[in-house]
Amino acid sequence: MIEITAAMLGGYLKEAYGSGAVLVDYGDIGSLDKQGMKKFGYGKPLLVLFSVDGEERETVISVMKGDNYGHQFYWDRAAVLMFQYETSSRLPRHVKPMGIGYISRSGEMRPLSEPQEFFILNEKLQGYDYFNDLDRIRNGYFREEDKHNAAELAGWLAQVHSVKKNDSHLYMRRIRDLIGSSECIMGLVDEAFEHPCDFFSQDRFMNLEKKLIDWRWKLFHYSHRLCAVHGDFHPWNVLMGGPEGFSVLDRSRGEWGEPAGDLCCMATNYILFGLYSDGRFSSKLRTLYMTYMETYLEKTGDTEVLQVMAPFFVFRGLVIASPVWYPDHPQEVRDALMRFIENVLEDEVFDYVQFERYMR
């Protein structure tokens, strides 16, 4: 929680309104009794009186309260406030926004000036995309170091997932996001496939979604598994061959989640590349997949992950089977992937050794 001080308010007003801005008084909305001042993080609107070059003005400063309804993190709350700033003035009779800003890590209130889009700067890393190795392997060129790399990736995941967090509300938020988010299962069903779909009927999509509701309630009992995650651990987000081995890019969907999400993400891509093998699953990609899975299970001892993997395989399977995301798949590959995401939901425990049977 951050307590707003007169110095913070005064500094913000001068940066937002110029050197002629002066703080006059402030307090809880409806009262200027500073004895009742609450910490900013509780969500109490703060009435601020100030002047600009002698002209008196007033404003109400508000901040969202963190809660378990999708607002646990400051970036969640920032999205809501930016929406309000952008759209409120376009609604008749709605209060008009006067500005938007943030509190820096050094304790300063800083204004944003008419934001339209945001960007991020990252360091430039050396290496090449890991999917190039998988392309090489599916074309018949397998190296012993490929097994080593798969084991290294699994070992890194095991290390990441060793950091645990006790927050059942956040775990269930991640499961809600998995099933209902615009960029996860429901969103992919709506946007990553044409409807009617010529290779997967509407009834099959409906049955898939109904089964996922059962899985949602099953996973309600696994909230103890919440841990640190990458969130998008696939071959296009891994760089190989750098000075320190491999590096990863584009952490997504939050800092915490179900470890099965990361584990399934890379495993599904091993399956995808293994299907490009003239009707038989590639023995080389199977070796890679088994090395990856068995290394992870050995290093974590987490056989429970096999009880919760199925919905995460559905998510990743929909991505790689999508004609929008992957338009050049042979139809037999796409069909095998769609059978996989249907059949994997039928087992209470994922059979990682005989995984090919889910595609038959």
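Helix H10 has 12 of its 12 residues buried, so it is largely enclosed by the rest of the structure. Buried means under 20% relative accessible area, with exposed over 50% and partly exposed in between, using a 1.4 Å probe and protein chains only. Helices (H or I, at least four residues) and strands (E, at least two) are DSSP runs, numbered from the N terminus.

Before going on, some ground rules. This is a predicted model, where local features need pLDDT of at least 70, side-chain atom pairs count only at pLDDT 80 or more, and totals for chains, interfaces and linings use all residues. Residues are numbered from 1 along each chain as its sequence is written, and side-chain values use heavy atoms, with hydrogens and water left out.

Now the whole chain. It holds 11 helices and 10 strands. Its C-alpha trace spans about 80 × 50 × 35 Å along the principal axes. Of the 360 residues, 46% count as buried. Contact means heavy atoms within 4.5 Å. Among contacts between residues at least 6 apart in sequence, 65% join residues at least 24 apart.

Back to H10, residues 310–321. At 1.5 Å a residue, its 12 residues should span 16 Å, and the end C-alpha atoms are 16 Å apart, which agrees. The expected span is 1.5 Å times one less than the number of residues. What do the buried residues of H10 pack against? They pack against H5, H6 (185–191), H7, H8 (259–275) and H11 (331–343).

Gly 317 is buried, with a relative accessible area of 2%. Leaving out residues up to four places away in sequence, Gly 317 touches Thr 268 and Ile 341. Gly 317 and Ile 341 are 24 residues apart along the chain, and their C-alpha atoms are separated by 6.1 Å.

Two of the helices around H10, H5 and H7, also meet each other. The axes of H5 (residues 168–180) and H7 (residues 202–219) come within 10 Å and cross at roughly 170°. Axes are lines fitted to C-alpha atoms, for helices over the stretch in contact, and angles run from 0 to 180 degrees between N-to-C directions. H5 and H7 are therefore roughly antiparallel to each other; that word covers angles over 145 degrees, while under 35 is roughly parallel, 65 to 115 roughly perpendicular and the rest oblique. H5 brings Tyr 171, Met 172, Ile 175, Arg 176 and Ile 179 to the contact, and H7 brings Leu 212, Arg 216 and Leu 219.

Next, a sheet. Strands E6, E8 and E9 form an open sheet in the order E6-E8-E9, with antiparallel pairing. E6 (128–129) and E9 stand at the edges, each with a single partner strand, so one side of each has no neighbour in the sheet. E8 and E9 pair over 3 bridges; two strands pair if DSSP finds at least two bridges between them. H4 packs on this sheet, touching E8 and E9, and its direction makes about 45° with that of E9. H4 (residues 144–161) has 18 residues and reaches 27 Å from first C-alpha to last, close to the 26 Å expected.

Last, a hairpin. Strands E2 (residues 46–52) and E3 (residues 55–61) run antiparallel, joined by 7 bridges. Val 48 stands opposite Thr 59 in E3. There are 2 residues between the strands, and Asp 53 takes a positive phi near 55°.
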